[in-house]
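User: Could you walk me through this structure? I am new to it and would like to take it piece by piece.

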Amino acid sequence: MIPAGFSYVRAGSVQEALAELSRHGGAARLLAGGHSLLPAMKLRRAEPGVLVDIGRLRELSYVRLDGDQVAVGALTSHRTLERDPVVAEQVPLLAAAARRIGDPQVRNRGTIGGSLAHADPAADLAAAVLALDGVLVAHGPSGVREIPAGEFFTGPRQSALAADELLTEIRLPAAAGLAHAFEKFSRRALDWAVVGVAVQSRPGGRTAVALIGMGPTPLRAVAVEEALAAGTPAAEARSLAARGCEPPDNAVASSSYRAHLAEVLVGRALAL
Amino acid sequence: MRVEIVRVEITVNGQPHSREVEPRLLLVHFLRDTLSLTGTHVGCDTSSCGACTVMLDGVAVKSCTVLAAQADGCSVTTVEGLGGPDGLSPVQEGFRQCHGLQCGFCTPGMVMAATALLTERPDPSEQEIRDGLKGNMCRCTGYQMIVESVQWAAANGGAR
């Protein structure tokens, strides 16, 4: 399969990328690792007239400890997240999720910003960023804004990013030494999650629980979180995993099967 | 349809190549159709099966999901760059010794992924081999002899 024709521009800086996006209006798409966009273009699910390649913007590939936050550049690859010592110590949940994405070749090319901007409801990193209460930093023509992860995902493969904005950084509260877990179930070795769950303990004893594959967007299992906060044992709280969710019902899995999986996986993750 | 041409300079197996290509040309087609290096296979074409795996600046990638334009200025190694009939690489020889293939379609990708694995982990455990080959599918062997082939290579020269 070959994508439909398009023009190709390689951006040399964030400013250049933003200028290209503004120039072409909604016709342009950003190309990072390409592992979500290029398959979609082959299937004609995306037919951008212009691709603005930001893959060479090395300045967007970094992991930094910044006070009590970890700043991750949007072009940081999944491979880097798996191995980075700051991620391993400060936000190990992110490494645990990155390790479960696709396969080694995909993790070599895929980027955290690309994955989040693609906003697939079953994306592993989305669960981790949601459970960590991350903040996404977007650059646009009128400046920089910060979008809390909980407000970022607006629908299946839809995000709060405007067509002329570029996601540049993900900021995560450091969680060194706090319990975490990432569980997912897939049909084949390299598949997307049918259902996945990310759990992150917080200072003060609160626990965040995020689900993927359980609705039109990655989401927080609010009922489980509230039950845990009220002192309900994890073994009981897990039964609330699908409460308020509208899991998809499709060829991959029925919604009732997904609801069952969510309970099982939340139970496993909470066993920590 | 918008047709536009970009010039790419890509070093493949040590040989520099400069070509004008359509932006939508995939790296795998650049290798196979433009350079006639047909060792790299197109399998699923959806970045699942791994038959198209090559090294891009030393890192294993699925070349059906990389534009030739993205590889501009980069160095690519294909299965032809590892060794030929007169001098197989240890991984290639391992597949021969341990019967790591039947039809052979997945083999170039398996060999490249295994070479990438051994570059990073010269002495992998069986589980590490299986994890390292997670992005490569074989419909013939059931994988056991592929794992044995990689173990043979690890014991006989590694990623060389």
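This is a predicted model: local features need pLDDT of at least 70, side-chain atom pairs count only at pLDDT 80 or more; totals for chains, interfaces and linings use all residues.

User: Which domains does the assignment give for chain A?

Analyst: The assignment, which is automatic or from a database, gives domain 1 (7-53), domain 2 (60-173) and domain 3 (180-271) in chain A. Taken over C-alpha atoms, the centres of domain 1 and domain 3 of chain A are separated by 33 Å.

User: At what angle do α5 and α8 of chain A cross?

Analyst: The axes of α5(A) (residues 92-99) and α8(A) (residues 124-131) cross at roughly 165° and come within 8 Å. Here axes are lines fitted to C-alpha atoms, for helices over the stretch in contact, with angles from 0 to 180 degrees between N-to-C directions, and helices are DSSP runs (H or I, at least four residues), as strands are (E, at least two), numbered from the N terminus. The two helices are therefore roughly antiparallel to each other (under 35 degrees is roughly parallel, over 145 roughly antiparallel, 65 to 115 roughly perpendicular and the rest oblique).

User: And which residues meet there?

Analyst: Leu93(A), Leu94(A), Ala97(A) and Ala98(A) in α5(A) meet Asp124(A), Leu125(A), Ala127(A), Ala128(A) and Ala131(A) in α8(A), where contact means C-beta atoms, placed from the backbone, within 7 Å. By class, this contact has eight nonpolar, no polar and one charged residues (Ala, Val, Leu, Ile, Met, Phe, Trp, Tyr, Cys and Pro are nonpolar, Asp, Glu, Lys and Arg charged, and the others, Gly among them, polar).

User: Switching topic, how many residues does each chain bring to the contact?

Analyst: Chain B brings 28 residues and chain A brings 25 residues. On the side of chain B that touches chain A, strand β4 (residues 59-62) of chain B gives the most, with four residues.

User: Is Asp57(B) buried or exposed?

Analyst: Asp57(B) is exposed, with 12 other C-beta atoms within 10 Å (20 or more is buried, 12 or fewer exposed, and in between partly exposed, with C-beta atoms placed from the backbone). Asp57(B) lies in the loop between β3 (53-56) and β4 of chain B, and its phi is near 50°, a positive value in a residue other than glycine.

User: What about Tyr143(B), and where is it found?

Analyst: Tyr143(B) is in the loop between α5 (126-132) and α6 (144-155) of chain B, and has a positive phi of about 75° although it is not a glycine.

Technical notes
Residues are numbered from 1 along each chain as its sequence is written. Chains are lettered from A and ligands numbered from 1 in the order in which they are written. Two residues are in contact if their C-beta atoms, placed from the backbone, lie within 7 Å.
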